[in-house]
Amino acid sequence: MFGRERIEYKTPEQVLLMRRAGLVVAEALAAVRERAAAGVTTGELDAVAAEVIGDRHATPSFLGYHGYPASLCVSVNDEVVHGIPGPRVLEPGDVVSVDCGAIVEGWHGDSAITLVLDGAAPEDVALAETTERAMWAGIAALAGAERLGAVGEAVEDVVDAAAVEGLNGGQRYGLVEEYVGHGIGTAMHQPPDVPNFRSRDRGPRVRAGLCVAVEPMVVRGQRFTQVLDDDWTVVTGDGSRASHWEHTVAVLDDGIWVLTAPDGGAEKLAALGVSIAPLA
Ligand code: MF3
Ligand code: CO
């Protein structure tokens, strides 16, 4: 999508502004996590996020983006991404992917989580856990990578291994290819693309100032997707359930920092043998 367009490398000062946006997103998602339960509408979750973003004097990045009508994307069950919040009432066992973006002083943060409501099938819990693990593996790979393609390799390896371990009831997982991660900074979507799969293209060099959103989408069936008549909601072609996780990550001189994680990703990355860069 972005081909060989120019990458916006950020200064450490700009990364600090992006962290402010990232922490607003983290706070909004934490509030949504608290509220999400069977009986709650997806529109109520949107209102919760909008309130946090407003309280922090930040701007929701999704609202008005190509005409998008909400502050969150809430994608339930077979919805992969870009589900529009509204009157839909959540049910026990639903798999709910929540994506949020905010702007502070012109700088963007973008992050998504998958919530699995009480009463879910163990395979649906495993789907969300596998996707989260794949995201962290992709982020960890960025820390030591020469080329950005290392992210997709790490993501794909985790997803394939999880299926082999039997986490999807003996079936392979599908790894969505039509939507990818992206550079982020003064706009939500910038070059370069960050694919979630192995590719012959090793991608651009990873160097200080690169800021990207790493966002794998994993489904329990086939990887193919369709867009609903609302022109936004992306669903699986086979009706299987989907999970989406995302963090905004900065590459600094001495390593990486996860801008949408309150601890910079320290805890999750330590478990993968990666320590985060000092961020002033
Ligand atoms: N945040 C999504 C992404 O991860 C994009 C949201 S599309 C919007 O790239 F229209 F809702 F803004
Ligand atoms: Co994104």
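## Ligand 1 and its surroundings

A polar side-chain atom of Glu215 lies 2.8 Å from an oxygen atom of ligand 1, a polar contact being a pair of N or O atoms within 3.5 Å. The protein covers 97% of the 330 Å² of accessible area that ligand 1 has on its own, with areas taken from the Shrake-Rupley method and a 1.4 Å probe. His189 places a polar side-chain atom 2.7 Å from an oxygen atom of ligand 1, and an N or O atom in the side chain of Asp99 is 3.1 Å from a nitrogen atom of the ligand.

The model is predicted, and its local features need pLDDT of at least 70, while side-chain atom pairs count only at pLDDT 80 or more. Residues are numbered from 1 along each chain, and side-chain values use heavy atoms.

Ligand 1 is surrounded by 13 residues, each with a heavy atom within 4 Å of the ligand. Phe62, Asp110, His189, Glu215 and Glu246 are the closest. The shell comprises six nonpolar, three polar and four charged residues; Asp, Glu, Lys and Arg count as charged, and Gly is among the polar ones.

## Strand β2

All five residues of β2 (residues 72-76) are buried, that is, under 20% relative accessible area. Leu72, Val74 and Val76 point one way, and Cys73 and Ser75 the other. In a regular strand the side chains alternate between the two faces of the sheet.

Strands β2 and β4 (residues 95-104) run antiparallel and are joined by five bridges, where pairing requires at least two DSSP bridges. Leu72 stands opposite Cys100 of β4.

Conventions: Chains lettered and ligands numbered in written order. Polar contact = N/O pair within 3.5 Å; in protein donor to acceptor, adjacent residues only side chain to side chain. Buried < 20%, exposed > 50% of the residue type's maximum accessible area, 1.4 Å probe, protein only. Helix = DSSP H or I, 4+ residues; strand = E, 2+ residues; numbered from the N terminus.
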